[in-house]
There are 2 protein chains.
Amino acid sequence: MSLFLYNTLSRKKEEFVPGVPGYAGIYSCGPTVYGDPHLGHARGPIIYDVLRRWLAHSGYRVRFVSNITDVGHLVDEVKGEGEDRIQKRAKLERLEPMEIAEKYTWAYFDDMKDLNVLRPDIAPRATGHILEQIELIQELIAKGHAYVSGGSVYFRVKSWPQYGKLSARNLEDQEAGARVEVREDKEDPRDFALWKTADPEHIMRWRSPWGEGFPGWHIECSAMSLKYLGESFDIHSGGIDLQFPHHEAEIAQAEAAGHKFARYWMHHNHVLLNGEKMAKSTGNFVVLRDLLKQNEPMVVRFYLLQSHYRSVLDFTGEGLEAAHNGYQRLLYAYRETRRLLASASEGRHSGLDTALDQLEAEFSQAVNDDLNTPQAIAAFFVFLPELNRAFAEKAGRASLERTARVFAELGEGVLGIFPPRVLEARLEGHLLDGLVKLLLDLREDARKERDFARSDQIRNRLGELGVTVEDTKDGPSWKVEV
Amino acid sequence: MSLFLYNTLSRKKEEFVPGVPGYAGIYSCGPTVYGDPHLGHARGPIIYDVLRRWLAHSGYRVRFVSNITDVGHLVDEVKGEGEDRIQKRAKLERLEPMEIAEKYTWAYFDDMKDLNVLRPDIAPRATGHILEQIELIQELIAKGHAYVSGGSVYFRVKSWPQYGKLSARNLEDQEAGARVEVREDKEDPRDFALWKTADPEHIMRWRSPWGEGFPGWHIECSAMSLKYLGESFDIHSGGIDLQFPHHEAEIAQAEAAGHKFARYWMHHNHVLLNGEKMAKSTGNFVVLRDLLKQNEPMVVRFYLLQSHYRSVLDFTGEGLEAAHNGYQRLLYAYRETRRLLASASEGRHSGLDTALDQLEAEFSQAVNDDLNTPQAIAAFFVFLPELNRAFAEKAGRASLERTARVFAELGEGVLGIFPPRVLEARLEGHLLDGLVKLLLDLREDARKERDFARSDQIRNRLGELGVTVEDTKDGPSWKVEV
């Protein structure tokens, strides 16, 4: 059974054939680190995380590279506050873009960790590869595909007829798009910047053969993906918005310089909020951190995986609640399997074994079909009634062990929705509840036996532990005080 | 009251006077990311973390920069495995130094997070600043302080008579040290590499005006500290081993190129194990991660802070256990303060207020005296008897609130030893222990009353919750099964 992926280049599902047998190289466009990630920023990392986990599960040695775009466009805020301060130019008093980049890089990785997204094998920074970008630009100039103008360097689009092959844009579309920012120093409105000359107030700047400046937005991904994954690497992924111009430009830069570039291009679709695209620029977004504070992060991950990555996902409170309930059902089933294992008798349960065969087959088929995660999750829900039947019939240890292994390998290993943190935390909450319930039952027994010394003893010692008990008409309720 | 720091440059304690009032810039030499950190690697980050927290507590806006040395010296392992594989040179099959650097960068930051070390404001990578390093080398060549030889570039030590001013080494010492690795292409054995030409099998390599190669070890810190902290920045810190040649070379590189460099130099001393220096090279070390798994990380942090940073610290099991006990006493006091606050009556407790005045004064005096953390911790222990007396005398809310604030601001805010995780987790562990203990006591009562139905009920329901009880001759013991 092979993995098929929808390749934006060919606009059809294609069998994934690695460039080097046994190895898979993936480049995924990462975040721009000048603000808090919003929910829309989580979709790509999660689906490509599942891709990576699935390839590893299928036996590949995966190298997953995801960049950090930290070349910012901040200007020196000190300027204009008086001659004296400018002349001093004490670095410490100035806004330091790298401090902001550092902060939001951590914000991104913290969110990703909470979402159980594996860390990239390499997370190259754009600012850390200025030299590589300059070298690639030099190659393009040498081959006539780029030109210097006014201290900036532009890619000469008309020299590269394949420009548009990924996004299937014709010349007219490109011109319409480009006309928005006509620059005097371009030969052609479609040309895009490889290197930009820095205005005096621009803080992030590097020396280059063309004067002080900073790289254009597209060049970093061409340079860094080739550096860490090599020629003709396997998979390049990113948001659907990046198809044009970003990915189109990446391909043109790499191929015009004489390199073979990525063979499979994957794009995930938008997350909508209130029916409109989630985007910083419009203010229509949910800050990811807020969502992760208010919800178990695994529910958010589960929610995102319940839609196919190429479909638009309309984020709603009801959808999140439904995901919460569905996730709890799966988590309960996994926990219950682990709990029953402790006291299970030897033997198998044939109904459960058959259901596991079916689950494994359906799960693989779904994921191999262009990462159809909603279908893969559905296979778990189809499995649940049979598992519950097996619980009731006291299924033997061997079948329960296999069940736990399937939850671990497919649920956590591939979908990444049952990290130890969740399993253990839930057990701990469960344990706390159980212990207090047992004590309250013993207290109730004591009261029925009119042994008030003992019932008071239990209540008082609970109070010392910070557990306050209140008797209501529905029986005792309790809470833990810190 | 001012902060005094021992400045290695002057070999005496000096008042800290910032270059820009209200701001403090610190550069601290960070890890080389080609292996798991050992305990010795934790001492510097923890003490400079306290420095940083103290400066922030004292009202400074701090910028803390700590580098990641990821320029490695790995060679291509594929070479020598047959012509065919070399010719293919598929990047994916090759060892990728950046993959290793990424892994161990995370290992370092994960350990630091567990140790409650604040993240740097900027954590610049050496590989991310090749261009800046090349530029600094070019300045040195232009000024006659460096020369090209065989594709490498060396610093011309004899052109810079101040070389040796930090480590107070005379010419003879320097020559003795340098003689170990005499290179044919140097003018003088004391000269050190700024840029090294790369042998064919060297993987990490960049193009430079002198051919393909990689930067020498020292140049990154000069380039990156100046970039992010500016001329004549405040504090440069690192291990005592780095005084020579690393820091000496940093100063020479920066100053010979015409820059003003750091004004205060701080060095922390060795951690010994079995009386010998902890070092990877000799095998005499404790992997930090192992230690943090086996011990509450805050106990490790507390242990390291119980010695002055300029003293040698001899790590022993007994010392760790003593630190554990001491830490538990402080933690208990803090927890008890919080617990009692919930039910405290209005009012103050004059004995406690006086003791708090004394604690605050002694703590500040100790930290201001060249970060005397053992003395600062001792101030807390001096405070404990008065706090316990205040507990017994049911101290009023206002004084208890102030006590909690002092624990939060000085204990957590400055020493960094009471993160929320510990306060909360301990309460939870404490709670679990307390609940089980109460149940076992009730079971014991039931047995004494020969009510075996109830004692069995308690044991069985605990078993259902995963708490197994075993009766030993010392009474019941229990554990939680997952």
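An angle of 178 degrees, with 0.1 Å of shift along the axis, brings chain A onto chain B at an RMSD of 1.2 Å. The copies are thus related as by a two-fold rotation axis. The same surface serves both copies, since 100% of the contact residues of chain A recur in chain B. Of the residues of chain A, Gly128(A) comes closest to the rotation axis. Its C-alpha lies at 1.7 Å.

Confidence was examined for the model and for chain A. The model scores ipTM 0.86 and pTM 0.88. Chain A has a mean pLDDT of 90, and 91% of its residues reach 70 or more. One stretch of chain A, residues 77–88, stays under 50. For residues 77–88 of chain A, the model has 7 contacts beyond four places in sequence. Where pLDDT is low, the predicted coordinates should not be read in detail.

The overall architecture of chain A comprises 15 helices and 15 strands. Its C-alpha atoms fill a box of roughly 95 × 65 × 35 Å along the principal axes. Of its 482 residues, 44% count as buried. Contacts in chain A were also sorted by sequence separation. Among those between residues at least 6 apart, 74% join residues at least 24 apart.

Strand β7 (residues 192–197) of chain A was examined with its pairing partners. All of its residues, 6 of 6, are buried, so β7(A) is largely enclosed by the rest of the structure. β7(A) pairs with strand β6 (residues 152–155) of chain A in the antiparallel sense, over 3 bridges. In this pairing, Val153(A) stands opposite Trp195(A) of β7(A). β7(A) also pairs with strand β8 (residues 213–215) of chain A. That pairing is antiparallel too and runs over 3 bridges. Here Lys196(A) has Phe214(A) in β8(A) as its bridge partner.

Two helices of chain B were then considered. Helix α1 (residues 40–57) of chain B has 18 residues. From first to last C-alpha it reaches 27 Å, close to the 26 Å expected at 1.5 Å a residue. α1(B) is mostly covered, with 16 of its 18 residues buried. Just after α1(B), Gly59(B) takes a positive phi of about 100 degrees.

Helix α4 (residues 130–142) of chain B has 13 residues. α4(B) reaches 18 Å from its first C-alpha to its last, close to the expected 18 Å. Its buried residues include Ile130(B), Leu131(B), Glu132(B), Gln133(B) and Ile134(B). Leu136(B), Ile137(B), Leu140(B) and Ile141(B) are also buried. Just after α4(B), Gly144(B) takes a positive phi of about 85 degrees.

Terms used. Residues are numbered from 1 along each chain as its sequence is written. Chains are lettered from A and ligands numbered from 1 in the order in which they are written. This is a predicted model: local features need pLDDT of at least 70, side-chain atom pairs count only at pLDDT 80 or more; totals for chains, interfaces and linings use all residues. pLDDT is the predictor's confidence in each residue, from 0 to 100. Two residues are in contact if their C-beta atoms, placed from the backbone, lie within 7 Å. Helices (H or I, at least four residues) and strands (E, at least two) are DSSP runs, numbered from the N terminus. The expected span of a helix is 1.5 Å times one less than its number of residues. A residue is buried if 20 or more other C-beta atoms lie within 10 Å of its own, exposed if 12 or fewer, and partly exposed in between; C-beta atoms are placed from the backbone. Copies are superposed by least squares on the C-alpha atoms of residues with pLDDT of at least 70 in both. Two strands pair if DSSP finds at least two bridges between them.
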